[in-house]
Amino acid sequence: MTDSRPAPGTTSATPARVAEITAALVAVRTRIARACTAAGRNPDSVTLVAVTKTRPAADVRVLVDLGITDVGENRDSEAAAKADELRGAPGVAPRWHLVGQLQTNKVRSVLGWADVVHSVDRDRLVLALDRGAAATGRVLDCFVQVDLREPAAIAADSGRGGVSPEDLARLCDAVAAAGALRLRGLMAVAPLGASAGPAFERLAGLSERIRADHPAADALSAGMSGDLEAALAAGATHVRLGSALLGSRPLLH
Ligand SMILES: *Cc1c(COP(=O)(O)O)cnc(C)c1O
């Protein structure tokens with residue numbers, strides 16, 4: 001059998017797929033612009049992180065050709081393979097963001113492709129990321145993920161990702177004190193079944209408190225395809241959009 005794998009960076013999307021993504025990106029940019037206007041904000045203050053999980057590297061290329069500079073993934077192995085595939089492609093060098101939960105045993109691998117980690121939520125991870133980044137001579141941009149669920153829900157199930165609001169300030173101090181990490185700000189996902197607006201307003205309040213101690217940590221990663229307007233109204237600087245750009249994914253993602 002011959003090796004049918006394409007050479008690095010050579011896979012490309014069909015013209016129909018390019019047209020589909022182009023139209024979706026126009027619609028998304030319009031939503032962002034409208035939400036910014038409503039909030040009295042400049043759309044240039046918003047970074048669109050295109051979440052490409054479950055989608056092929058060819059889609060990432062299309063997005064980059066359309067001007068996307070930031071790409072998000074939630075699984076190390078999938079992202080590493082995709083970033084690898086695109087490494088050989090001329091002109092395709094987006095900033096890669098890890099937006100999903102991170103296990104400490106994956107830190108080394110993640111540092112091989114990620115420029116930004118949005119899911120820092122515990123001390124052990126701070127330690128591992130700091131050591132790993134220091135070993136590669138880099139400074140890694142980090143968002144601390146906050147769990148915005150009600151305290152009772154957090155107590156009942158602590159494994160969903162995100163530090164509790166009570167432990168937030170201390171964890172931010174730890175990131176800021178780590179020599180190879182840069183604290184960019186906070187990240188959150190709106191809790192399931194709750195209204196996104198109040199949750200993001202709460203996040204904005206937490207962000208203000210953190211900025212009192214860490215003025216440079218002024219970024220706020222919030223808002224997905226279903227709730228980007230509420231996030232932008234609350235001051236999000238990074239929206240993480242998947243399905244609005246690339247279509248709905250199979251369940252479990
Ligand atoms: C998948 C994912 C997104 C994008 O979600 P959509 O609803 O498809 O826009 C954003 N943030 C995180 C953490 C995700 O896992």
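A residue counts as buried under 20% relative accessible area, as exposed over 50% and as partly exposed in between, with a 1.4 Å probe and protein chains only. The model is predicted, so local features need pLDDT of at least 70 and side-chain atom pairs count only at pLDDT 80 or more, while totals for chains, interfaces and linings use all residues. Residues are numbered from 1 along each chain as its sequence is written, and side-chain values use heavy atoms, with hydrogens and water left out.

**Ligand site**

- Glycine 242 contributes through its backbone, with an N or O atom 2.8 Å from an oxygen atom of the ligand.
- Of the 390 Å² of accessible area that the ligand has on its own, the protein covers 88%, the areas coming from the Shrake-Rupley method with a 1.4 Å probe and, for residues, only the protein chains shown counting as cover.

**Aromatic pair**

- The structure holds one aromatic pair, where rings of Phe, Tyr and Trp (its six-membered ring) pair if their centres lie within 6.5 Å, and planes under 30 degrees apart count as stacked, over 60 as edge-to-face and the rest as tilted.
- Tryptophan 96 and tryptophan 113 form this pair edge-to-face, at 6.5 Å centre to centre and with 90° between the planes.
- Tryptophan 96 lies in strand E3 (residues 95-98) and tryptophan 113 in the loop between helix H4 (107-111) and strand E4 (116-120), so the pair ties together parts 17 residues apart in sequence; helices (H or I, at least four residues) and strands (E, at least two) are DSSP runs, numbered from the N terminus.
- Both tryptophan 96 and tryptophan 113 are buried.

**Salt bridges**

- The count comes to 13 salt bridges, each defined as a side-chain nitrogen of Lys or Arg within 4 Å of a carboxyl oxygen of Asp or Glu.
- Arginine 170 forms a salt bridge with aspartate 123, the closest N and O atoms being 3.2 Å apart; arginine 170 lies in helix H7 (residues 165-177) and aspartate 123 in helix H5 (residues 123-135), so the pair ties together parts 47 residues apart in sequence.
- Arginine 170 is partly exposed at 44% relative accessibility, and aspartate 123 is partly exposed at 37%.
- Aspartate 141 and arginine 184 meet in a salt bridge at 3.8 Å, N to O.
- Aspartate 141 counts as buried at 16% relative accessibility, and arginine 184 is buried at 17%.
- Aspartate 218, which is partly exposed at 47%, also meets arginine 184 in a salt bridge, at 3.7 Å, N to O.
- Asp141, Arg182, Arg184 and Asp218 are linked in a network of salt bridges.

Note on methods
Polar contact = N/O pair within 3.5 Å; in protein donor to acceptor, adjacent residues only side chain to side chain.
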